[in-house]
Amino acid sequence: MRKGFDAQLQALNTELIEMGALIEHAIQSSVESLIEQDAKKARRAIAFDREVDQKEKDIESLCLKLLLQQQPVARDLRLISAVLKMITDMERIGDQSADISEIVIFLSESPYIAPLDLLPKMAEATVSMVTKSIDAFVKRDLALAQSVIQADDVVDQLFSAVRQELIDLIRQDPANGSQALDFLMIAKYFERIGDHAVNIAEWVVYAITGVHKSNEEGRADT
Amino acid sequence: MTSRIFRTILSVVLLVLVLCMGLTTWILYTSFEDNLVTELKSELAYISQGILLGGTDYLSALPASSSRITWVAADGTVLFDSQADASLLENHSGREEIAEALSGYEGESYRYSETLSEKTIYYAKRLSDGTVLRVSGTQASVLSLLWQLLQPLLIVALGAALLSGVLASKLSRRIVAPINNLDLEHPEACESYDELAPLFHKLQHQQKEIQDRITALRHSQNELSAITENMNEGLILLGSDETVISLNASAARVFLADQDKIRGQNLIALNRSEQLSLVAEQALAGKPASSILNMRGRSYALYASPVPEQRAAVLLVLDVTEKQQAEELRREFSANVSHELKTPLTSISGYAEIIRDGLVDPADVPEFAGRIYAEANRLLALIRDIIRLSSLDEGAIGNQKEPVDLLSLCAGVCSRMQETAEKANVTLRVEGSTANLFGVRAILDEMVFNLCDNAIKYNKPGGSVTVSVRPLEDAVLLRVVDTGIGIPPELREKVFERFYRVDKSHSKQTGGTGLGLSIVKHGAAYHKASITVTDGPEGGTCIEIRFPK
């Protein structure tokens, strides 16, 4: 009985890492399509979203099956509930990288108003956050998860900087406005992806320690 | 074994018990009978005396006893019976014992009662007057005797059975105890039954054999793990469903994984890249696959081969960063070479075409020919440099190493270049002291030449170039200092690359090949010398080469 349960838990673990790999590839493709102005890559990134959605459903049903059939307790229960929460955030990351790609397809028709500088930095920071949050889950690495939570400040600062840069661009030439707004949207999506990566990291912390940040500080999680 | 011994002992004891009881009963029975007969005989003897004296009155006066007394007349008529009315009894002459007594002297017979539970013994004797006296006694039969004894016998049997049961169990346990206490790990140290000695011997032999085999296995396993753990290539063994069965230390290092934690987990827990899962998938499907994985700025080649019988795969991970970089360099080099070769050739072919078509004033032909000559020279220089460089690259230089005086070598080079220097309005000087080093003269010559050539080419009019040679304790220092245009600090690494020029627009005028410093770098590497580039006087450059002794 326990052996079968362990095998199922292992399968759940693997499935979640697979989903993590999917969103990593999705967001990576989005970033590359943005930097290279490559509509083809952007379409590929959008295609990932469907896979991510399917994976979320699979993992969700596996979690529910485990909860109903095995009635797990303690650490196992913590893991399963953390996974249930994590896949929601992962699915949102998939959605947002698809959203970025859609904007990229639109942007790929005309040259950029200014060479991208801060945006790739921001993309790199977010991709690294997502990768680290999944790594933290794979290795059950508490310190890595904490570093993801802290890295969010960097992304937030970058967002402010990007925003300021875009404001300046519009001020220089109001014709820049349309593209600048698109870039702002992309930056916002990256900022949101960073938030989701933080959420994932927090659930990883919960799966390891049994304490979630929202309980610890007595406030609702953003 | 204990229970079997117990059962055997118990059954033997019980069998003996039953046999003993049966025999005892039989012996008792026969001795009872003998006693009865003797009793009857003696009774008959003294009663017969009494009858001769007192007749019927004596018999009547006899006290009642257990035996029955019958007096029979010679014709068989019963005269007296101690237990019945004589007149009612029929004639007894037909009774076996009486008939015997009548015909002889004594007679006897046995008769069983109807139920067989009693046996009556009759004993008759003819008296002197012709009458017969008969005495009879009853005795219980064997069966009834047994029946009567049944209860005590059962009690005894039960007691004996219980006792023998307890004893048998103790005994059997004691017999088995030494066998139970055997130390099978060390059969030679066992003290037990002699009968088991051959078994122990065999056991000991087998144990040694097993031990030897385990040692051999462990040896080969250690050997294998020593190989896999110490090899530079990463090795991963995959089971079906992409489970990591084992991975060596190198693979763990490449993927930043914990060797023990990752075992039994899915490959995706090791690395989530598409390339890795793709080659693993193909290999598990039975097809060898390979791919390149870029990770943290390094390139890794992945080779996956299937293990057909077991639905497993072996994954080899090789660091090919340097190899890829070298390949990249080679690609760049050949592209550059073709470009550099094409430029002078285009000029040559252009000028030649104009002359052939008669479009040039004959007076101008020498000038055009001069240009063709200059371009051809440039081409020759380039090809000569490329040949030098590739021979240096291969490290297979025919020239033997010999002791070379660097100072006189530098003086020789500078005297050859004096003319070029004067044309460029640059002063060329050699200073320092004699310093011997062990090297290839041709290469050293080439190095000094290229350094001076560069120093003159990239100089300002009226500038100077100083070549100095200084022997140190463990090295020979060659320094070429110019007052030229200088090299910006961030480009000081790059100038040694093939075809790299700081100022690309300037190259045509100076007529260099772009390979000079590259030849210097390779020559230095050949001599295991180190190169440092620092600022020279007046914004110039100072290149220092340190040849170890």
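# A first look at chains A and B

B:Trp147 lies in helix H3 (residues 142–180) of chain B; helices (H or I, at least four residues) and strands (E, at least two) are DSSP runs, numbered from the N terminus. This is a predicted model, in which local features need pLDDT of at least 70, side-chain atom pairs count only at pLDDT 80 or more, and totals for chains, interfaces and linings use all residues. Residues are numbered from 1 along each chain as its sequence is written, while chains are lettered from A and ligands numbered from 1 in the order in which they are written.

**The starting residue**

- B:Trp147 counts as exposed because it has 12 C-beta neighbours inside 10 Å. (A residue is buried if 20 or more other C-beta atoms lie within 10 Å of its own, exposed if 12 or fewer, and partly exposed in between; C-beta atoms are placed from the backbone.)
- B:Ser117 is 30 residues from B:Trp147 along the chain, and their C-alpha atoms are separated by 9.7 Å.

**Confidence**

- The mean pLDDT of chain B is 82, and 96% of the residues score at least 70; pLDDT is the predictor's confidence in each residue, from 0 to 100.
- Where pLDDT is low, the predicted coordinates should not be read in detail.
- For the complex, the predictor gives an ipTM of 0.73 and a pTM of 0.56.

**The two chains**

- Chain A has 7 helices and 0 strands, and its pattern along the sequence reads α-α-α-α-α-α-α.
- Chain B has 13 helices and 17 strands.
- Of the 222 residues of chain A, 41% count as buried; in chain B, buried residues make up 26% of 549.
- In chain A, 79% of the contacts with a separation of 6 or more are between residues 24 or more positions apart. (Two residues are in contact if their C-beta atoms, placed from the backbone, lie within 7 Å.)
- The corresponding share in chain B, for residues 24 or more positions apart, is 53%.

**Where the chains meet**

- On the chain B side, 5 residues are in contact with 8 residues of chain A.
- Those chain B residues comprise 2 nonpolar, 1 polar and 2 charged ones. (Ala, Val, Leu, Ile, Met, Phe, Trp, Tyr, Cys and Pro count as nonpolar, Asp, Glu, Lys and Arg as charged, and the others, Gly among them, as polar.)

**Helix H7 of chain B**

- H7(B) covers residues 274–284, and its buried residues are B:Leu276, B:Val279, B:Ala280, B:Ala283 and B:Leu284.
- These residues lie on the same side of H7(B), because they cover an arc of only 130° around the axis; the arc is that of the directions from the helix axis to the C-beta atoms.
- Their packing partners in chain B are strands E6 (234–238), E8 (289–295), E9 (298–307) and E10 (312–319).
- After H7(B) comes B:Gly286, with a positive phi near 105°.

**Helix H8 of chain B**

- The 36 residues of H8(B) (residues 321–356) should span 52 Å at 1.5 Å a residue, which agrees with the 52 Å between its end C-alpha atoms. (The expected span of a helix is 1.5 Å times one less than its number of residues.)
- H8(B) lies largely in the open, because 3 of its 36 residues are buried.
- The buried ones are B:Glu340, B:Pro344 and B:Tyr351, and they pack against helix H9 (365–394) of chain B.
- H8(B) is followed by B:Gly358, whose positive phi is near 70°.
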